[in-house]
Amino acid sequence: LASISELRHCAMGKKKGTSKADAADDFLQTLEDFTSKENWDKFFTLRGSDDSFEWYAEWPQLRDSLLPLLRDSSPSSSSGSLQILVPGCGNSRLSEHLYDAGLRDVTNVDFSKVVISDMLRRNIRSRPEMRWRVMDITKMQLGDECFDTVLDKGALDALMEPEVGTKLGSQYLSEAKRVLKPGGKFICLTLAESHVLALIFSSFRFGWKMTVHSISQKRSSLKTFMVVAEKEKSTVLHEITSSFDLLSLGRNDAQGSGMCEALESENQIRRDCNNGSDLLYSHDDLKLGVKGDLAELTGGRRVKFTLGSNFSYRAVLLDAQKQTEPFVYHCGVFLVPKTRAHEWLFCSEEGQWQVVESSRAARLIMVYLDSSHNGVSMEDIQNDLSPMVTQLAPRNDDEAARIPYMMASDGIKKRNTIHEVTSSLTGEVVVEDVVYESSPSNTGGLSPSDDLAFRRLVFKRTEYLIQSEALLVEDGEIVDESQTEKTKTASQSKRKGNKKRNQETSGPIMKVSHDYLASSYHAGIISGFTLVSSYLKKAESSGKMVKTVIIGLGAGLLPMFLHGCFPFFDIEAVELDPVMLDVGKDYFGFTQTDRLKVHIADGIKYIRDVTNSESSSEKASDAVSKTESTSSNNAEGSTCPDILIIDVDSADSSGGLTCPASEFIEETFLLSVKRALPQHGLFVVNLVSRSQSVKDMVASRMKKVFDRLFSLQLEEEDDVNVVLFGLCSESVIGESDIPESAVILEELLKCQRLETKQSIIDSTNKLKCWK
């Protein structure tokens, strides 16, 4: 669409042929910021008081359309005259023409003191009743509902510079709506750029009746449109009407085509809303009562809206659905940082209701921060939001009741970034050492009050999710955080798994403990080996190796733990991203051995290749007895795994599934897994989701494929982790056999840290058969 900048190169206004006027026009062509008062002061100084400058259409083109519209308005003042406000008047003669046409109650405002002084001098004698005031139109010092008409000729367009965004335009329109009386009209003469129409159409939805007119022009190739919004007392949502033929207008030029598209798009939104579809409302819409009386709590009410003062925000208002226990707050605000806005918990309706329940607020206003809030302190954001939030709070008898501001916390007391790298597959990857505000109680070396240091692997794409976490120790013993400070430089400079001491530091070298499980779901995964512990015992007794495949290396902590605690396991980790292998080696002490290998490969393809390999092997061995064939599945060199673990995250968690990636729970892949595993095989999936419906969907698919399905729900505060175990035969184990089988697993588990071993065995009590 045409932009205001094109006017810098158009022959607009009345050129006198003087060098002063020419200089002003030359300056306009290079005017970069239409929102700068200093720039306009300079322009009007150069142009002079006698040389008016007309934006868009001039009076002869406007007169026939504008005067009937104004005279049809019913003045509501006792004087009987129509009270007109012209914001951003500049030195246009529009107000003078209105005055001369008999509309004398005109107030002109502009933030340029230069132009207001010039216009006052020009009109003080010939038009004494007309008023001129220096004023910022985004913050007008005018009373509420004091004008019958607000007549805008290019003011909104000038405020909508791309670099500024919608902030100034939104503030101005809020002021224009505020000063208009009921039944009053906002008349906007505009070039109809798409971003301007988007703002004006959305700002005048509820409680307004809108019409669009086209102004014919002879001197300019740019078309001027007149948007008229009439203020109503009701909150009915009308479709926008037009006084021109949309089809013929759209065929003429890009401007007309853009206007047609914008009108159709907006009217479709309005039709959808009238048919019950969800809509992004404005703060003003809510205050008008379009979603009911906000002073009253309405259980289950959920409204998406925008609000803004100094900053703009996207928000959701939620009234608690049910009250299982007394509310702590009558209203609360929950701030969602940009890095977490895409998470299922905050972007889905089901997740948002979970936040409401945990907040214990009768009404929760969830506010989403974005890149426009970067560098802004939380104090400034809270100060900006507070007046608007107060207007949205429900009625409360306790006038002193506060509105708390809440935000998701990671519970970190101290953080030290050790390494950052960007992978073409995974994105930004961070290795960090952290000290938690409260340490776990099962470390076995120190009391929970000590500052224990942990090393974490984090993907920026899912920053809230810890991919891998390990306890940092010194010479096999747990050390507190005060010692780690002495070795910060050593931690940052060393490579190859903490083996080299930095000569410039005298403190102890920190290393990752491979016999401690910081991630509770790792303990949950291993506790599930109880389901096949009888087979594991037979394999160990007969000297056979148990082939275990882990899809998803992470930092290599689970493979390293299994390698150390199950000497009869032959472990293969399959990892798509080679960067992960480097990170595991350099910062988490991961090493490959003759029974711990890493394949850089696609996990889906790896399993399908195993399935195809086994199928080919069976076809070539038709003469072999069924018993011999089953035994050969686990002979040395076989590719068939006994245990298969899926431990990968999803690059897109907006659908509610954080782990694993959706491809790993598709039925076709699950069938490949079933074919790849022997009858005694175990399939393990680490499932991370806050949505019960997603968990049920995954479990349903697995139950359809596997003969028996067990689950282990981790007793974490948010209950997002559940580990699922698929068995290939119903005869392997029953729920009543678990305690006895857990004793076998405890005997097999060669874990030096007794607390870790105990946590695994304790987790076996949570294994349940999925009904």
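D319 forms a salt bridge with R363, with the closest N and O atoms 2.6 Å apart; a salt bridge here is a side-chain nitrogen of Lys or Arg within 4 Å of a carboxyl oxygen of Asp or Glu. D319 lies in strand β11 (residues 312–319) and R363 in strand β13 (residues 363–368), so the pair ties together parts that are 44 residues apart in sequence. Helices (H or I, at least four residues) and strands (E, at least two) are DSSP runs, numbered from the N terminus. The model is predicted: local features need pLDDT of at least 70, side-chain atom pairs count only at pLDDT 80 or more, and totals for chains, interfaces and linings use all residues. Residues are numbered from 1 along each chain as its sequence is written, and side-chain values use heavy atoms, with hydrogens and water left out.

**Salt bridges**

- The structure holds 31 salt bridges.
- D319 is buried, with a relative accessible area of 0%, and R363 is also buried, at 0%. Buried means under 20% relative accessible area, exposed over 50%, and partly exposed in between (1.4 Å probe, protein chains only).
- E266 and R205 meet through their side chains in a salt bridge of 2.7 Å, N to O. This pair links distant parts of the chain, 61 residues apart: E266 is in helix α10 (residues 254–274), and R205 is in the loop between α8 (194–203) and β6 (208–215). Both E266 and R205 are buried.
- E296 and R395 form a salt bridge at 2.2 Å, N to O. Here, too, distant parts of the chain are linked, 99 residues apart: E296 is in the loop between α11 (283–288) and β10 (302–308), while R395 is in the loop between α14 (378–392) and β14 (405–407).
- E296 is partly exposed, with a relative accessible area of 39%, whereas R395 counts as exposed at 53% relative accessibility.

**Aromatic pairs**

- A search of the whole structure finds 13 aromatic pairs. Rings of Phe, Tyr and Trp (its six-membered ring) pair if their centres lie within 6.5 Å; planes under 30 degrees apart count as stacked, over 60 as edge-to-face and the rest as tilted.
- The ring centres of F206 and Y281 are 5.4 Å apart and the planes stand at 35°, so this pair is tilted. F206 is in the loop between α8 and β6 and Y281 is in strand β9, so that the pair links distant parts of the chain, 75 residues apart. Both F206 and Y281 are buried.
- F529 and F569 have ring centres 5.9 Å apart and planes at 50°, so this pair is tilted. F529 lies in the loop between α17 (520–527) and α18 (533–542) and F569 in strand β22 (residues 569–575), so the pair ties together parts that are 40 residues apart in sequence.
- F529 counts as buried at 0% relative accessibility, and F569 is buried with a relative accessible area of 0%.
- Y172, F186, F204 and W208 are linked into a cluster by ring pairs.

**Charges over rings**

- The charged end of K177 sits over the ring of F204, 5.5 Å from the ring centre. A charge sits over a ring if NZ of Lys or CZ of Arg is within 6 Å of the ring centre and within 35 degrees of the ring normal.
- R314 has its charged end over the ring of Y368, 4.3 Å from the ring centre.

**Second largest pocket**

- The second largest pocket holds about 1400 Å³ of space. On a 1 Å grid over the protein atoms alone, a pocket is an open set of points with protein on both sides within 12 Å along at least five of seven lines, and lining residues have an atom within 4 Å of a point. Grid points are joined across faces, edges and corners, and a volume is the space filled by probe spheres set on the points.
- The pocket is lined by 48 residues, and S170, S174, K177, H283 and D284 are the closest to its centre.
- Elements giving two or more residues to this lining are α7 (167–179), α8, β9 (281–282), α11, β10, β11 and α14. The largest share, 8 residues, comes from α7.
- The lining divides into 13 nonpolar, 18 polar and 17 charged residues. Ala, Val, Leu, Ile, Met, Phe, Trp, Tyr, Cys and Pro count as nonpolar, Asp, Glu, Lys and Arg as charged, and the others, Gly among them, as polar.

**Cavities**

- The structure holds 2 cavities of 30 Å³ or more, a cavity being a set of grid points where a 1.4 Å probe fits but cannot get out.
- The second largest cavity has about 50 Å³ of space. Its lining consists of E469, S513, H514, Y516, L517, A518, H522, L557 and F561, which by class are 5 nonpolar, 3 polar and 1 charged residues.
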